[in-house]
Amino acid sequence: MTARSIDAALWRTAAVLVLGTFMATLDSTIVSVGVDTLADEFGAPVTGVQWVTTAYLLAVVTAVPASGWLADRFGGRRVWLTAVVGFLLASLLCALAPTLPALIAFRVLQGLAGGLLPPTGQALLARSAGPDRIGRVISVVGLVPLLSPVLGPLASGTILAAAGWPWLFYVNLPVGVVAVVLARRWVPADEPGGRGDRFDFRGALLLSPGLAVLVFGLTWFERGTPVVAGTAVAAGVVLLAAFVRHGLRAEAPLLDPRLFTRPPFGVAALALVLLGASVFGTMFLLPLYLQRGAGLSTGDTGLLLVPQGIGAAAGSVLVNRLVDRLSPRTLVLSGIVLVAIGTAPFTRLGPGFPDWMIVVSLLLRGFGAALIGAPVMTIVYRRVEPARLPRAAGALNLLNTLGGSIGTAVLAVVLQARLAVRGQDVAAAFADAFWCVLGLAVVAVAGATRLPRAAVPDKKRGHADA
């Protein structure tokens, strides 16, 4: 396959669509540093304020599965524009919220809109780029989800140092307005691509609540409520099992479970789940350690995390040059090895652990993560028929979101358990938790060895793998 050049029109389309992904992913982490500020403002305990973040996450998980059907039914561009407008309105309501319960409710609305933006935007971009250009475009656009865990806390600390907490949400308004105006000019209109399938209400009532309840239960284990958490996890697993059974029988399920049995989607899915768990899990553990264990301020912590973003940016430049030349297996395995090497030093956290080691480790982790995400998404988008792109994009983004949320929740439980065992040795407890992050890389290697050897799909086979 001869690669076509990427013209200015496609880059303009990509730049506009990435604004939606940037807003949605940034808001998943931007409140993290402002928890204490919100607790003081509303006179609420920190455990109550944590729902400002948890509610957004649960809403995103709930919304993503429906993104494919909505794009098929109404057209991707229309759904994307509607989601941006909804996100802006919800952001405004968050900034004006008079009470904590109101803020949490508005964050749910914001998450429902935000959950539609990344998958719908990626599907539009994959359709515009075509299979021979999607690799190079995704290598740049895919950088945004890797940067959000780094930029969110940094942006939050900067905003709170200069203005009040409402600006955590006001900051979305100019970005969203620019995105809407430019999208009407630069994002090509698309026609609804579905076959007129009815919305899978039964599947939605099983899948979205099942995912939300599962994530809710995992996040509550760390709060010392094992009965509530265990009940929620069990209920989530039962709902998801019921959805799989329904999905195997339904003609047009909300998310087709059989998709994960078709190579290379299954191993690609595993890689994305583990990548999300590793990236977001580390961005949960490390800032917490730097503030509680090392005694750094929120500002210094945010600055110390920047090297991961720098490494991810450098990695995306390399992937852009190599994604059409090297096999996905080579790129992904190289990325996993770099992530593992960058994680290993954190298993030795303790007094006197040097800042330069954190910087080097995060550079390696960011660089390695960029070698994983873009090639994995490219594999799928190149082998999926254009009509199935919205559903595939929804599935990929759901897996990445689940990897981040479930991975973070599990690591929080592990950390809580190790803190109870280690007592006053906080650094050792965090080091123990990072062994779990390192273990994710070992599992990821096993899956990555089954990725395709060829850089691009065989012309003769076309979309047969889809």
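Start by selecting S67 and looking around it: leaving aside residues up to four places away in sequence, S67 touches L116, P119, T120 and G394 (contact means heavy atoms within 4.5 Å). Numbering starts from 1 along each chain as its sequence is written, and side-chain values use heavy atoms, with hydrogens and water left out. What you have open is a predicted model, where local features need pLDDT of at least 70 and side-chain atom pairs count only at pLDDT 80 or more, while totals for chains, interfaces and linings use all residues.

Stay with S67 a moment. S67 sits in helix α5, residues 67-74; helices here are DSSP runs of H or I with at least four residues, numbered from the N terminus. Is S67 buried or exposed? Buried, because its relative accessible area is 2%, and buried means under 20% (exposed is over 50%, partly exposed in between, with a 1.4 Å probe and protein chains only).

Now zoom out and colour by domain: 1-188 is domain 1, 201-253 is domain 2 and 259-456 is domain 3, with bounds from an automatic or database domain assignment.

Next, select domains 2 and 3. Their centres, taken over C-alpha atoms, are 25 Å apart. Where they meet, eight residues of domain 2 are in contact with nine of domain 3.

Terms used
Helix = DSSP H or I, 4+ residues; strand = E, 2+ residues; numbered from the N terminus.
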